[in-house]
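Some words used for protein structures rest on a cut-off.

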Amino acid sequence: MKRLTETDAWAALVEHHQAIAATSLNQWFADDPQRFARMSLSAAGLVLDYSKNRLDTRALSLLTGLAVERGVETARDAMFGGRAINDTEQRAVLHTALRQRGGTRYDAGGVDVMPAVGEVRERMLAFAEAVRDGRWRGHGGDAIRDVVHIGIGGSDLGPCMACEALAGQGEERLRLHFVSNVDGAQLAGVLGRLDARRTLFVIASKTFTTIETMTNAASARAWLLANGARDDDIARHFVAVSTNAERVRSFGIDEANMFGFWDWVGGRYSMWSSVGLPIALAVGADGFRALLAGAERMDRHFLEAPLAANMPVLLALIGLWYRDFFGAASLCVVPYAQALARLPAYLQQLEMESNGKSVLHDGRPVDVGTCPVIWGEPGTNAQHSFFQLLHQGSDTIPVDFIMPLQVARELPGHQRLLLANCIAQSKALMVGKDEAEVRAELTAAGVAGDDLARLVPHKVFAGNRPSNTLVMPDLSPASLGALIALYEHKVFVQGVLWGVNSFDQWGVELGKQLASRIAGELDGDAGDAHDASTRGLIDLARAALDRSARRGER
C-alpha cells in the first residue's frame, strides 16, 4: 500500500493547505452566513458543530477523497465483518458486536459470536440486579452496600468514567469505588471506609495474572479475612471478570460468578462487555442496555452514512488535518459537565494506546505525525487554569468541547451559566480580540499614554483557534454510549488513514517486563545488569524499603 504522503489526495491537500492556511475563521463566517448550517451534523442523538475549524468545503472534499483513497470504507466493512484486522495478534476486532441487541450475525473465525455474547450479558445483568435489589448478600446476611472494582487500564478507565458520568441515575443504595493503582494508598483509602460484611469486590483481569490487579485483589482478600470472613466466605464477596477459570477458582471465587469475554475485545474497547459490570450495578440492566443501544445507533450511522456526512469520519479527518498539516501535537478535550471529569483520561488511553504508533502495518516507519497528545479537564475549572495557553499560547491547540444540554443533578441557574461559558469559550477562541479593540476598551476605561502602550500587547487575543463542539441532549446512558462509540470509530478511521494497527499495544510491554525484573532485584543484588542511573535508583529504593521493613511497614 502507498504511504499516506504518496497518495494523490495528499498532494492536493498540501497545495490547498498552503492556499488557505492564513485565512481567518472570522472571514469565512462573514462570507458565509450559512456556515454553521452547512458544517454541523446530527447522528445518534448527538450534534457536531465543526464550523469553527480552519477549513473550507474544498478542504473537506479533498479530505473525504483521502478517506476513499485510503480504503476507509473497505476497512470499516472488514472490521464489522470479523476479519482479523489486528494483524500483529491475528485477532478480529468485534467490540461492536457487544452492543448488538439481537438479529445480526457477527462472525469471528467463521463462528457467530452473538449467542455467547447474549448468554454472558444476560447472566451478568441478572447478577447486577440481584445485588441492586438486595437479594445477593454478604456472609453475615447483609445486603451489599459498597462495590469495589479492581482493575487497571481498559478494565478500569471505561467503567470508572461511565459510572461517574451516570452517577445521577444510579442506585442510591450502592456506592461504587474504583481501585487501579498498585500504590497501596489507593486501596487502603477505600477499604478504611467500608464494612466488610457489606462489601463486594469485582476483580477484572482477563488472564487473572495482571500484576497490579492481582496484588490489589490479594490485599482485598486479606482485608476481608482479617475482618471476620472465612475462606469459604470469599465467594459471597468476590466475583471475577476473567477467562481464566482455574485461577479464579483457586482465588476462592465461584466459577458461576466468573463473567468472561473474548480475545476480540481489546481492553480499551471492553466497557460494553462484562467489564462493564460496575456500570450495570450502577444503572441497572435497563440502563446498561440503553448504553449499548446508544452505541449501536452510532455504529449504524458509521456504517451507513456517506463519508462526507459521517460524524466519526469527519472528526477523524479534521484531526488529521490539524496534526499533519498544521503540526498540532495535542488535542484538548473539555467536557462542560463535572460528571464527565474522567472522559479526558478515558480518551487518553483510547486514542494514544490505539494510534500512538510509529510503524505501518508492513513494518515500515510512518512518514507523518500520528496520534496527538490527548488531554483536558472539565469546564469551567479549566478556564481558570490552562485556557490561558489555549487563548494566548504560542501553539495552536484544537479543542473538542463536549456540551450536555441537561444533567441529572441541577441547581437553579447553574446549567444556564455552564452552557453560556462553553459557547463563549468556543467563540472567544475563534474571534479573538485585535489591537484596535483592546486599545478602544482600555481608552474607554481611562487608560492612556505609556500605560496604554504597555498593556495593549498583553490583552490581544490572536483568535483563529479551532474547535469542535459536540452537543449531547443529556447525560443519559444512551447519549453516553453514542459519544464513546463516536470516538472509538474516529480512532479507527485515523488508524486506517495513517496506516497503523489501532488494536495492539506493544508499547506497554517493555516497562512491565523490566518492572517485574527490578521488583525481584529490590530484594537482592542487581549487580551490573543495569546502567548507572538505574542501579543508583534501585539502591535508593532498596534502602527505603529496608527502613520500612525495620519499622514493620513492609
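Predicted model: local features only at pLDDT ≥ 70, side-chain atom pairs only at ≥ 80, totals over all residues.

Q: What makes phenylalanine 208 buried?

A: The relative accessible area of phenylalanine 208 is 3%. The cut-off for buried is under 20%, so phenylalanine 208 is buried. Phenylalanine 208 lies in the loop between strand 7 (199-204) and helix 9. Phenylalanine 208 also has a positive phi of about 60 degrees, although it is not a glycine.

Q: How do you know whether asparagine 257 counts as buried or exposed?

A: Relative accessibility is 10% for asparagine 257. Buried means under 20%, and asparagine 257 therefore counts as buried. This residue sits in the loop between helix 11 (245-251) and strand 9 (258-259). Leaving aside residues up to four places away in sequence, asparagine 257 touches Phe127, Trp136, Ala235, Val239 and Ala240.

Q: Why is arginine 236 called partly exposed?

A: Partly exposed is the class between buried, under 20%, and exposed, over 50%. Arginine 236 has a relative accessible area of 31%, so arginine 236 is partly exposed. Arginine 236 is found in helix 10 (residues 234-237). Not counting residues up to four places away in sequence, arginine 236 touches Trp136, Arg137, Gly138, His139 and Leu200. Glycine 287 is 51 residues from arginine 236 along the chain, and 25 Å separates their C-alpha atoms.

Q: Why are helix 4 and helix 13 called roughly perpendicular?

A: Helix 4 (residues 57-69) packs with helix 13 at an angle of about 105 degrees, and their axes are 10 Å apart. Angles of 65 to 115 degrees count as roughly perpendicular, so helix 4 and helix 13 are roughly perpendicular to each other. On the helix 4 side the contact is made by Ala59, Leu60, Leu63, Thr64, Leu66 and Ala67. On the helix 13 side it is made by Leu314, Leu317, Leu320 and Trp321. By class, this contact of helix 4 with helix 13 has nine nonpolar, one polar and no charged residues.

Q: What makes helix 5 and helix 12 oblique to each other?

A: The axes of helix 5 (residues 72-80) and helix 12 (residues 277-304) cross at roughly 140 degrees and come within 10 Å. Roughly antiparallel would need an angle over 145 degrees, and roughly perpendicular ends at 115. Helix 5 and helix 12 are therefore oblique to each other. Arg76, Asp77, Met79 and Phe80 of helix 5 meet Asp299, Phe302 and Leu303 of helix 12. The residues of this contact divide into four nonpolar, no polar and three charged.

Q: How many cavities of 30 Å³ or more does a search of the whole structure find?

A: The search finds two such cavities. The largest cavity holds about 160 Å³ of space. Its lining has 18 residues, and those closest to its centre are Ile318, Gly319, Tyr322, Leu331 and Pro398. Helix 13 gives the largest share of that lining, five residues. By class, the lining of the largest cavity has eight nonpolar, six polar and four charged residues. The second largest cavity has about 70 Å³ of space. Helix 6 (residues 114-132) gives the most to its lining, with four residues.

Q: What is the volume of the largest pocket, and which residues lie closest to its centre?

A: The volume of the largest pocket is about 1,500 Å³. Of the 47 residues lining the largest pocket, Ile152, Thr210, Ile211, Glu212 and Lys512 are the closest to its centre. Helix 7 (154-165) and helix 20 (509-521) are among the elements that give two or more residues to this lining. By class, the lining of the largest pocket has 16 nonpolar, 21 polar and ten charged residues.

Q: Which residues are joined by a cis peptide bond, and what is omega there?

A: The cis peptide bond joins glycine 379 and threonine 380, with omega at about 15 degrees. Threonine 380 is in the loop between strand 11 (373-375) and helix 15 (387-392).

Methods:
Residues numbered from 1 in each chain as written. Heavy atoms only, no water. Axes fitted to C-alpha atoms, helices over the stretch in contact; angles between N-to-C directions. Parallel < 35°, antiparallel > 145°, perpendicular 65-115°, else oblique. Contact = heavy atoms within 4.5 Å. Nonpolar A, V, L, I, M, F, W, Y, C, P; charged D, E, K, R; others polar. 1 Å grid on protein atoms, 1.4 Å probe; cavity = no way out; pocket = protein on both sides within 12 Å on 5 of 7 lines; lining within 4 Å. Points joined across faces, edges and corners; volume = space filled by probe spheres on them. Buried < 20%, exposed > 50% of the residue type's maximum accessible area, 1.4 Å probe, protein only.
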